[in-house]
Number of protein chains: 2
Amino acid sequence: LSDALTIAVDAMGGDHAPQQIVAGAVRFVRSDSPDAAGVGLQLVGDPEAIHACLKAEGIDAHPRLSIVPASQVIGMDEHPLESVRKKPDSSIVVCAKRVKSGEADATMSAGNTGACLVAAMMIIERLPEISRPPIATFMPRHDGLATMVVDGGANVDCQPSHLADFALLGSLYMQTVLGIANPRVALLANGEEESKGDDLVKRTRPLLQALPINFIGNVEGNTAFEDYADVAVCDGFAGNVALKTAEGMGSLCLSILESFPEAAAAMQAVRRRVDWAEYGGAPLLGINGVSIIAHGRSNARAAETALLVAARTTRSGYVAAVKVALEGRVS
Amino acid sequence: LSDALTIAVDAMGGDHAPQQIVAGAVRFVRSDSPDAAGVGLQLVGDPEAIHACLKAEGIDAHPRLSIVPASQVIGMDEHPLESVRKKPDSSIVVCAKRVKSGEADATMSAGNTGACLVAAMMIIERLPEISRPPIATFMPRHDGLATMVVDGGANVDCQPSHLADFALLGSLYMQTVLGIANPRVALLANGEEESKGDDLVKRTRPLLQALPINFIGNVEGNTAFEDYADVAVCDGFAGNVALKTAEGMGSLCLSILESFPEAAAAMQAVRRRVDWAEYGGAPLLGINGVSIIAHGRSNARAAETALLVAARTTRSGYVAAVKVALEGRVS
């Protein structure tokens, strides 16, 4: 198959690993989504544990599932840099190495986010022009689509040039992977007027105006949920505050709905949107490969979704498109 | 009456002024809340328009309602500093002057927030030790109480010393006005671990540790909705992003609920919490008087609530308590 892909799956990462991650991988190979078609998965981790999980799913062997041994596991609370250095045979590190060597086209992990970032930067490596790879996260929108918030939390204390990179990387993602023509890119700020924003936002504005993107000005925390912007650019501190606050408000709404039994169907509908964070799969942008970070709480469905994101991102040729765009950039 | 208070009400400020503001004032003087007892209101603005609104509420004269003429109005989108300077007889400026002169004990406005801030700083004046008065806003919580987010949007590009002021002012407010003993004060950050935070958060931490407050470390955007912290300290950029994002997520939940007729009661319950921003009344802290900023969309109930906040804040002796605390501060 000319479009055969392989994804290295961190089977040991996440609160419910390996069971739910392996179950998600099984869902993926059984899925009839065109994104999953022909994609092979390498389950990276403790072979015995993975095998037991596969058995529990009723699978002894599958042509699109293989096991790649990794003898170490990086815990959810371990120090990112230290753990990546000290655990060269950990599932996160082995996954990154397979992408680097070309043995896999992409990797997906629900494990320690910081360690995934460090492994991606140290092993898969940044694209030369990108000093701070951001995490692309998504905010659910009234129109059923989503607004990308980039950076969702990887980088605090950013410079305008970093935010300009986030804008370019995010715009290309929406275009290449999600098929949105001419995506609207905005700066997340404390008001929509041009006078609004902190020093970082104000100094970033001229850089975004000079980029070959559809820069539309500022977007506010509330309009990020509307059909107003496709990409909301911010540093990882503001991005994290926005995403966590949205999560908190969503969970408050759900907890109120719980006391109304007649609203069960409505609650399910709300939950599907509110739990978006757990089901998205956040691509790490600006590295020389595809690395998808799933929520630590990922269950089988979330792992499956993150794998679909990994497959779609890889097939779209996103990384190659970024390289072309960066080559053409006046620096 | 030894506890007789007077509040100068900006009758002309807000999207639904003067009708809804005057109606809110009428609700206030008719309210049986102990906070409203004995409080007189000065309705500041166009006398004819205010009188017409009072008539529409069935009131010709009321012992606790008076009208104070102001010939100018600052529009919602006017430049704050310029408009305050150029419109000395605007309702916002006249309200501030009455607090300054002692003719009123407090002021409340649903008008141009920036102009209210400027008027408060230029006319009522900052307390000498406070360089950047913050707006105290509130996030609804699972336990039915609320977490103060300070600064909610008045100051971007803050220094650690400003955040320390916000922390002290916020802690005293929760204690003095809301009766919370030993309020838990936290820094809003991108993680609860001490290693998390941007440069501002990290440099602010030692200052908060040195203050006579109950500093508990970091709070995240989602835990701000839990019974975890009483005051979340941040610069006005992050505070605005958090509040607006919470608003956006709340309105997304409500719009989903709309398509479930059987969930009408549940939706009402959610709306009561989600619309909190419109009903809170945000106190401006660190000035030499009481100034409450209401939401621009305020209806009569929101105006009434903001007036109750103004009365409660004044009666609590908050400003005097702040002065005592600042005098005792090692600077």
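Predicted model: local features only at pLDDT ≥ 70, side-chain atom pairs only at ≥ 80, totals over all residues.

Modeller: Let us begin with the names of elements: helices (H or I, at least four residues) and strands (E, at least two) are DSSP runs, numbered from the N terminus. Residues are numbered from 1 along each chain as its sequence is written, chains are lettered from A and ligands numbered from 1 in the order in which they are written, and side-chain values use heavy atoms, with hydrogens and water left out.

Biologist: Is H79(B) buried, exposed or partly exposed?

Modeller: Buried means under 20% relative accessible area, exposed over 50%, and partly exposed in between (1.4 Å probe, protein chains only). H79(B) has 46% relative accessibility and therefore counts as partly exposed.

Biologist: Which residues are in contact with K244(B), leaving aside its neighbours within four places in sequence?

Modeller: Contact means heavy atoms within 4.5 Å. K244(B) sits in helix α8 of chain B and is buried, with a relative accessible area of 18%. Apart from those sequence neighbours, K244(B) is in contact with E220(A), G221(A) and N222(A).

Biologist: How should I read a helix, and what do the buried residues of α1(A) pack against?

Modeller: One can compare its span with the expected one, which is 1.5 Å times one less than its number of residues. Helix α1 (residues 19-30) of chain A, with 12 residues, reaches 17 Å from its first C-alpha to its last, close to the 16 Å expected. Its buried residues, among them I21(A), V22(A) and F28(A), pack against β1 (5-10), β2 (39-45), α2 (47-56), β3 (65-69) and α11 (300-315) of chain A.

Biologist: How many residues of helix α4 of chain A are buried?

Modeller: In α4 (residues 91-101), eight of the 11 residues are buried, so the helix is mostly covered. The buried residues, including V93(A), C95(A) and R98(A), pack against β1, β2, β3, α3, β4 (106-109) and α5 of chain A. After α4(A) comes G102(A), whose phi is positive, near 90 degrees.

Biologist: What is the order of the strands in the open sheet of chain B?

Modeller: Two strands pair if DSSP finds at least two bridges between them. The five strands of this open sheet follow the order β5-β6-β9-β7-β8, with mixed pairing. Because β5 (136-140) and β8 (214-219) of chain B each have a single partner strand, they stand at the edges, and one side of each is left without a neighbour in the sheet. Strand β5(B) is joined by five bridges to β6 (residues 146-150) of chain B, the two running antiparallel, and M139(B) stands opposite T147(B) in β6(B).

Biologist: Which helices pack on that sheet?

Modeller: Here axes are lines fitted to C-alpha atoms, for helices over the stretch in contact, and angles run from 0 to 180 degrees between N-to-C directions. Helix α6 (residues 160-176) of chain B touches β5, β6, β7 (184-188) and β9 (231-233) of chain B, and its direction makes about 170 degrees with that of β9(B). Helix α8 (residues 236-257) of chain B touches β5, β6 and β7 of chain B, its direction making about 35 degrees with that of β5(B).

Biologist: Which backbone angles deserve a second look?

Modeller: Most residues other than glycine have a negative phi, and most peptide bonds are trans. In this model, a cis peptide bond joins V150(A) and D151(A), with omega about 15 degrees, and another cis bond joins V150(B) and D151(B), where omega is also about 15 degrees. D151(A) lies in the loop between β6 (146-150) and α6 (160-176) of chain A, and D151(B) lies in the loop between β6 and α6 of chain B. As for phi, E125(B) in helix α5 (residues 113-125) of chain B has a positive value near 75 degrees, and this residue is partly exposed, with a relative accessible area of 38%. N182(B), in the loop between α6 and β7 of chain B, has a positive phi near 55 degrees and is exposed, at 53% relative accessible area.
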